[in-house]
Amino acid sequence: MGMGIHAIAMVAVLFLTVFPGYEPEVSAPPRLEHTMHWAQTEPTDPPPETVLTSDALEAAARKPVMEAARVSTADASWYAKRNADLRMFMLRYDPDMPLDEIDRKVQGLRFDPDKPMVALTFDDGPVSGVTDQILDILEQYNARATFFVCGWRFGNEEARLIARRALALGCEIGNHTFDHHDMQKQNIVEKRQEVIRTNEAVFSATGYVMHELRPPGGHTDWDVNCVARENGMAVVLWSQSGNVHEYEPVKIAQNVQKQIVDGKELKNGDIVLLHDTKPHMVDAVAIIVPQLIEQGYQLVTVWELLNCSEGGFVPGTTYPQR
């Protein structure tokens with residue numbers, strides 16, 4: 001038996017030596033060890049349930065993520081992992097890209113945690129003809145964003161290709177549930193299925209493990225946070241909204257800068273809500289991105305924003321914190 005195992009090991013080493021670029025096919029996203037614990041044991045003594053209406057949500061989610069001092073990215077383990085992941089996704093998207101070109105692109109995605117930054121986020125996609133054109137604009141300005149995707153869209157190969165390209169450009173993909181149902185109206189089993197099915201769809205298409213969950217409409221509760229925590233994810237809402245009730249590109253851009261409903265002005269650390277399902281958003285983004293860069297903002301992902309905040313990234317936590 002010992003000799004047989006030794007022979008198998010020698011064959012494996014020889015195979016990897018002859019085929020150094022071999023990469024095994026991805027299967028299922030890794031699960032945290034405590035997933036089954038959470039699945040079988042409901043949390044005790046939950047806080048009083050708060051049902052957030054749209055008005056209450058807009059009023060509550062106002063505090064920027066980054067009001068306090070930010071941590072340096074220089075020696076942060078999350079930042080090293082980000083760069084390693086970037087190299088991997090660039091190579092997967094374009095296997096013929098020279099390694100020195102990949103290193104140059106990764107270096108070009110550096111940012112300064114001590115300078116102003118905001119995170120643009122797009123819900124409900126990816127949609128061919130919209131999301132891909134938004135990526136064109138982001139690539140042109142060396143900017144990035146976070147796309148909160150619906151799992152059902154990944155039955156379409158175009159959506160899968162868009163997601164791979166987004167990751168290769170340094171953008172982030174977040175979970176917006178599979179069917180886009182109101183999670184406050186679902187039991188915890190249904191909530192889990194919405195999240196897990198989307199995690200699996202995205203991982204199958206890209207090999208990416210998502211860090212954040214945005215419940216549709218921002219409708220969250222205690223169980224949503226528990227499901228996020230057991231999957232190693234944070235719940236991400238927003239602090240500035242661009243186009244909930246706006247369809248004109250110029251007005252959407254104006255709304256990002258200053259909310260029409262309450263006059264709130266964009267500030268450092270804001271998470272901006274947008275949608276990538278209609279063509280008018282492409283024209284809006286063409287205004288928003290260069291405008292924000294000219295004002296001195298760095299356009300980063302939510303994952304980068306949270307990791308640079310004083311409290312860091314904490315699974316099961318809702319951001320922006322109220």
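This is a predicted model: local features need pLDDT of at least 70, side-chain atom pairs count only at pLDDT 80 or more; totals for chains, interfaces and linings use all residues.
Side chains of opposite charge can pair when their charged atoms come close.

One of the salt bridges joins the side chains of Asp85 and Lys81, with a separation of 2.7 Å from N to O. Both residues belong to helix H4, which covers residues 77–93, and they stand 4 residues apart, a spacing of about one turn of the helix. Lys81 has a relative accessible area of 45%, and because buried means under 20% and exposed over 50%, Lys81 counts as partly exposed.

Helix H4 also meets another helix. The axes of H4 and helix H7, the latter made of residues 157–168, come within 8 Å and cross at roughly 135°, and H4 and H7 are therefore oblique to each other. The crossing of these two helices, H4 and H7, is left-handed. On the H4 side the residues that meet H7 are Leu86, Phe89, Met90 and Tyr93, while H7 brings Leu161, Arg164, Arg165, Leu167 and Ala168 to H4.

Arg164, one of the H7 residues that meet H4, is also a salt-bridge partner: Arg164 pairs with Glu157, and the closest N and O atoms of the two are 3.3 Å apart. Glu157 is partly exposed at 34% relative accessibility, and Arg164, with a relative accessible area of 26%, is partly exposed as well.

What is the N to O distance in the salt bridge between the side chains of Arg192 and Glu230? For this pair, the distance is 2.4 Å. Arg192 is found in helix H8 (residues 188–206) and Glu230 in helix H9 (residues 222–230), so the pair ties together parts that are 38 residues apart in sequence. Arg192 is buried, and Glu230 is buried too. Elsewhere among the salt bridges, shared partners join Arg82, Arg144 and Glu304 into one network.

Helix H9 also holds Val224, a residue that counts as buried, with 0% relative accessibility. The C-alpha atoms of Val224 and Arg192 are separated by 8.4 Å, although the two residues are 32 residues apart along the chain. Leaving aside residues up to four places away in sequence, Val224 touches Met183, Lys191, Leu213, Pro215, His219 and Val235.

A second pair of helices in contact is formed by H10 (residues 249–257) and H11 (residues 280–294), whose axes come within 8 Å and cross at roughly 40°. That angle makes H10 oblique to H11, and the crossing of H10 and H11 is right-handed. From H10 the contact draws on Pro249, Val250, Ile252, Ala253, Val256 and Gln257, and from H11 on His280, Met281, Asp283, Ala284, Ile287, Ile288, Gln291 and Leu292.

These local features can be set against the chain as a whole. The protein chain contains 12 helices and 9 strands, and 51% of its 322 residues count as buried. Of the contacts in the protein chain between residues at least 6 apart in sequence, 79% join residues at least 24 apart. The accessible surface of the protein chain amounts to about 15700 Å², and 56% of that surface belongs to carbon and sulfur atoms.

Technical notes
Residues are numbered from 1 along each chain as its sequence is written. Side-chain values use heavy atoms; hydrogens and water are left out. A salt bridge is a side-chain nitrogen of Lys or Arg within 4 Å of a carboxyl oxygen of Asp or Glu. Buried means under 20% relative accessible area, exposed over 50%, partly exposed in between (1.4 Å probe, protein chains only). Contact means heavy atoms within 4.5 Å. Accessible areas come from the Shrake-Rupley method with a 1.4 Å probe; for residues, only the protein chains shown count as cover. Axes are lines fitted to C-alpha atoms, for helices over the stretch in contact, and angles run from 0 to 180 degrees between N-to-C directions. Angles under 35 degrees count as roughly parallel, over 145 as roughly antiparallel, 65 to 115 as roughly perpendicular and the rest as oblique. A crossing is left-handed if the near helix is turned anticlockwise from the far one by less than a right angle, and right-handed if clockwise.
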